[in-house]
Amino acid sequence: LPANWKITFSGTEAPSAVTSRSLTSWNELPGGKAFSGQATYTTDLNWSEPLPLRCRLKFTSVREVGEVVVNGKPAGGVWLPPLELEIGHLLKSGRNVISVTVGNTLLNRFLSVPDQDMKAYRAQFGARFPDPQEKKLMSEPPPSGLIGTVSLLVSGNRK
């Protein structure tokens, strides 16, 4: 799906919105490395061919979970392989709007917080996070967002 994706972030200390043709981890964006929250990826798809009987939206990588909406209607969630979702029944002739809201885990934010500030996080969320000595073993936050490509797998035509 060769498209420009508008990426908007929501959450505390969110990175600025960007538009991009390539989908990379938030870690590579200014302010994205320590961001834990959600990003919504939106693109337009102009459909001029006969409407497909089946059309699967296929993702290379979704880190960690994504919710897909096509033309304002929920299409479903993606988080496990094969990272594909049927959207053919939601497509229409002309302009289609596809959006994918991706959420990552709190780990990215946690790894950026100085150790002395962990009391507030532990009070709110419990002892879910590594101790400072374990934190040192994690050199980088895990990748987040849509990464790689988004493809359309089309078969058949509607009658």
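In the predicted model, Glu13 is found in the loop between β1 (5-10) and β2 (18-20). The phi of Glu13 is near 55°, which is a positive value in a residue other than glycine. Glu13 is exposed, with a relative accessible area of 53%. A positive phi of about 55° also occurs at Leu83, again not a glycine. Leu83 is placed in the loop between β6 and β7. At 10% relative accessibility, Leu83 counts as buried, because the cut-off for this class is under 20%.

Two cis peptide bonds are described here. One runs from Arg63 to Glu64, with omega near 20°. Glu64 lies in the loop between β4 (52-63) and β5 (65-70). Another joins Pro81 to Pro82 and has omega near 15°. The loop that holds Pro82 lies between β6 (73-78) and β7 (84-86). Most residues other than glycine have a negative phi, and most peptide bonds are trans.

The protein as a whole contains three helices and nine strands. Along the sequence, these elements follow the pattern β-β-β-β-β-β-β-β-α-α-α-β. The C-alpha atoms fill a box of roughly 65 × 25 × 25 Å along the principal axes. Among contacts with a separation of 6 or more, 70% are between residues 24 or more positions apart.

Of the 159 residues, 38% count as buried.

Technical notes: Residues are numbered from 1 along each chain as its sequence is written. This is a predicted model: local features need pLDDT of at least 70, side-chain atom pairs count only at pLDDT 80 or more; totals for chains, interfaces and linings use all residues. Side-chain values use heavy atoms; hydrogens and water are left out. Helices (H or I, at least four residues) and strands (E, at least two) are DSSP runs, numbered from the N terminus. Buried means under 20% relative accessible area, exposed over 50%, partly exposed in between (1.4 Å probe, protein chains only). Contact means heavy atoms within 4.5 Å.
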